Amino acid sequence: MNAKTEMKLSTVLKTGAAVAATLVSGGAMAAIDTTAATTAITGDAGGAVTAIGTAMLGLAAIAVAFKWAKAAIFG
């Protein structure tokens, strides 16, 4: 084998070892409770998310209308 092949093989082995270690250690990790965060996002921030989404859609509509008017004027 040449140096390039050995380097690739080494990289593949290291990557395989890292993936195997990740899969094996996955069961040892503690479960994370995300209920408080999801409740805060869905409850408190729901109105803000809706307002921001509406504003973004409004800006997109204005941009399209401006582009249409510009094309109509300048051909």
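This is a predicted model: local features need pLDDT of at least 70, side-chain atom pairs count only at pLDDT 80 or more; totals for chains, interfaces and linings use all residues.
Residues are numbered from 1 along each chain as its sequence is written, and side-chain values use heavy atoms, with hydrogens and water left out.

The secondary structure comprises three helices and zero strands (DSSP runs numbered from the N terminus: H or I of at least four residues for helices, E of at least two for strands). Among these elements, the lowest mean pLDDT, 72, belongs to helix α1 (residues 3-25), and the highest, 93, to α3.

Helix α3 contains 29 residues and spans 42 Å from its first C-alpha to its last, close to the 42 Å expected at 1.5 Å a residue (1.5 Å times one less than the number of residues). None of its 29 residues is buried, so α3 lies largely in the open (buried, under 20% relative accessible area; exposed, over 50%; partly exposed in between; 1.4 Å probe, protein chains only). Gly-75, with a positive phi near 65°, follows α3.

Ile-62 is located in α3, which covers residues 46-74, and is exposed, with a relative accessible area of 55%. Together with Ile-52, Met-56 and Leu-59, Ile-62 makes a nonpolar surface patch of about 450 Å². Across the chain, buried residues account for 0% of the 75 residues.

Key
Patches are made of residues with over 30% relative accessible area and no salt bridge: like charges are joined within 9 Å, nonpolar side chains (Val, Leu, Ile, Met, Phe, Trp, Tyr) within 5 Å. Accessible areas come from the Shrake-Rupley method with a 1.4 Å probe; for residues, only the protein chains shown count as cover. A salt bridge is a side-chain nitrogen of Lys or Arg within 4 Å of a carboxyl oxygen of Asp or Glu. pLDDT is the predictor's confidence in each residue, from 0 to 100.
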